Amino acid sequence: MSGFLDARDIRRDFQIGDRSLPVLRGVDLSVEPGDVVAIVGPSGAGKSTFLHILGLLDRPTSGSVMFKGQAYSDLGDRERARMRNSTFSFVFQFYHLLPELTALENALMPVMIQSSILAWPVLRGEARRKARELLERMGMGERLHHVPGRLSGGERQRVAIARALMTSPEVVFCDEPTGNLDTVTSQEIQDLLWSLAEEKCTTFVMVTHEPSLARRAHRVVRMVDGLIVDGEVPPTTGAAVPPASAPSPSPNA
Amino acid sequence: MIGVWFGVLTLLVVTSVMGGFARDLRARIRGMSAHITVTSSQFSRLGSMENWEELAKRVKAAAPDEVIAVSPQLEWPIMISKGQTPQPATLVGIIPDREAQVSGFAEHMLDGHPPDFTDFSGRKIPEGWGPCIMGSGILTTHRNKDILFVADGPGTAASVADCLSAVNPKDKFVVYVGDAQSTGDLATGGDEREYRSAQEWLKGRADAPVRKWPDLLERIFRTLAYDTVGETRPCVVVVFGKDLPPESAFRDAWHRLSPESRRLLRVFTPGETLTEPGGEKARAAQFLLLEPGPQARLELVSRVQDPYIGTAVTITTITPEDARDRGVDPRITPTSSKLAIVGAFNSGMNEYDSQIVYAPLEFVQKALRECRVDPNTKEPILDATGRIQAGRINKLRIKVVHYDDADKIAERIRKGLGGSYGLFTWQSEKAILLQAVAVERTLTGVIMFFIVVMAAFSILAILSMLVTEKTRDIGILRAQGATVPGIMAIFLSEGAVIGIVGCGLGLGTAKYVLDNLNPLADWIYSKTGWYPFPKNIYLLDRIPHQVDGPIWILVVSATLFVCLLAALWPSWKAARLNPIDALRYE
């Protein structure tokens, strides 16, 4: 137990009609501060669901997730929203930008959500400066005022990453961040993520199919059929934590 | 938003008009009935209250701060006739000075007649007759006339306009002023709208050029013979002008018309009747030459507009005789008297106008034997000055300062008087009518509010669709940490904006519509031929309205509340969306 981000025996069932479909069947995971963890596995293994539960977008059917010793289930809705906003952030495969807003405005969104209406005018200048800086950093300086419809996939993902970093989160969750991009762009986004992770020492938990992305992670966790089958201790962190060992039923059950 | 707009608009306009109507109706009722009426609770006798001066003092003493004036009345049902079928009416004996202080009858006198029983036409009232002032609806209701006004020369247009104000708007009339090349110079009337437009038209004719009489008249006759003046009703031709030729010249002009035209339009001077040989249905026209000026109106009124003024009517009634005075069982005796009509009033309330005949109190007391009577001759005993003695009344009418508190004041007076008196207030006299209007107003308000509710449902539908459409965006915002109240606020404010803008537009247009209510009604009439506010039904000349602040505030706040309520459910639905469900589907 690291005490930073711990998932204990996470189960998640989806109801399809009157049938209960178990997607996660007891997942344990510990993440250290500054870790870059890649979750890999075949489609339908429950990687994204697990990531959503870690990132407070979904609730587990049973099991608990702790962040800095505090269980999510103890948190109220307002507190969860605050954590989603400031502590965690998400980068999605499909970018999920607001189509009516420009790249800059999309990047500003988390700060706008964070601040009250009255405080916004005060924060606005500083937030814009920071958003501009982040976007420029990502090579988006020329396209600040374009709406997502006029941006390429890679550019959209850059905006999404800028948005994710706006509130200086402690953990960034990436759900197949390069899954929708061609090889060259994918490589650029990977490089970007990597340099950011190293520079800011931000914890990254990412779900990916991309071997090249997984290879660069400190730690790779393999999931099959709702269970972690293979955890790899990253050599760079000195955490004395054994890999989350799952009770191993047959992977093909 | 448009739904809210129209909802608020109709709600405000309708409640304001209803409010104005109720207010005007109450004012009318107050105007004619006294605030408080004292009657005797003894119904065995007609005139049950003796010595009303003493009673009036006691009333005044009971509520000295409130009672303004007191007026005695002796009221009794009668049949009235003018040589034809009698019609029922109510004879009310009054002292004009006092009655004028208590009720509004002085303001309702027609034709500038003073509110008393003097005969302004100077005719002497025969011995034994009484003067009377009649409600304009008695005997004259079916006597609509066709009046042709012909005026030429400076200042005449003003005189015609003045006379027109004395004309019952229901009378059909034609106005001709100045030079005419076509019938376009003729203003015609026959209803309220035409009546008003004729008055407008006259304003623009103040400087009409002078033409030569009576050629002009002949031309007009020719035009009118094929026009709409009268069909079977008597026609009156009123000619205005300075230095008019003698009446014979006008008659000659008439005689030059073709026999067909003459059959349609007959002219005669007062006192003379021309008969068209063989023309049974030929109409007789009255012919009146007037000098323009202030006298014109009075003359028109006395000779044309109200031909009954100055004539006599017979009233017949039965009086229960006082058993006490006679020492026998009460009996019923028919009585009849002659009254000369000296004036008329028009209160606008049909109930009064078609019912009430005012006569001097003493005359009524004498006619009904409500005074000291000689037991043998049954004739009133007169004192040395020829006055009756111990006259009785059956109603004492009171005007108070705070008429809305009439009930409380009536209670004070009841205590002060003691004994067997019945007290009624103006509200209780017309309680059913006033209640009906109040209930109608409330009901209309409730019904109209459903428009707002309908609008609210459309807000609900619009926002629900918006939530469905924006599901993904809501998910994005939630994923970035937007709170449930935060998401709700977005959709609630959408509902609030619709509500506020709708209310604003509604308020603005309602104000505009109310300010221009009557022009709009006229416009509707001119386009559709349907008059939204027939005067004869609603008793009022113009569409009234009353802008009632609290009700407007109530309407607006209730509308905003309903809009927010309608926005609440979709907002809540939006906020409750599971962020991941919202994001899942592309």
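A salt bridge here is a side-chain nitrogen of Lys or Arg within 4 Å of a carboxyl oxygen of Asp or Glu. By that rule, 1 salt bridge is found across the interface of chain A and chain B, and a search of the whole structure gives 16 salt bridges over all chains.

A word on the setting: this is a predicted model, in which local features need pLDDT of at least 70 and side-chain atom pairs count only at pLDDT 80 or more, while totals for chains, interfaces and linings use all residues. Residues are numbered from 1 along each chain as its sequence is written, chains are lettered from A in the order in which they are written, and side-chain values use heavy atoms, with hydrogens and water left out.

**The interface**

The salt bridge joins Lys470(B) to Glu100(A), with the closest N and O atoms 2.6 Å apart. Glu100(A) sits in the loop between strand E6 (88–91) and H3 of chain A, and Lys470(B) in the loop between helix H15 (431–469) and H16 of chain B. Helices (H or I, at least four residues) and strands (E, at least two) are DSSP runs, numbered from the N terminus.

Contact (heavy atoms within 4.5 Å) takes in 20 residues from chain A and 19 residues from chain B. Together the chains bury about 1,700 Å², 57% of it on carbon and sulfur atoms; buried area is the accessible area (1.4 Å probe) that two parts lose on being put together, summed over both. On the side of chain A, Leu57(A), Arg84(A) and His96(A) lose the most area to chain B, together 30% of what that side buries.

**The second largest pocket**

A pocket is an open set of points on a 1 Å grid over the protein atoms alone, where a 1.4 Å probe fits, with protein on both sides within 12 Å along at least five of seven lines; lining residues have an atom within 4 Å of a point. Of its 32 lining residues, Ile113(A), Leu477(B), Ala482(B), Gly486(B) and Ile490(B) are the closest to the centre. H17(B) gives the most to this lining, with 7 residues.

| Class (members) | Residues in the lining |
|---|---|
| Nonpolar (Ala, Val, Leu, Ile, Met, Phe, Trp, Tyr, Cys, Pro) | 17 residues |
| Polar (the others, Gly among them) | 8 residues |
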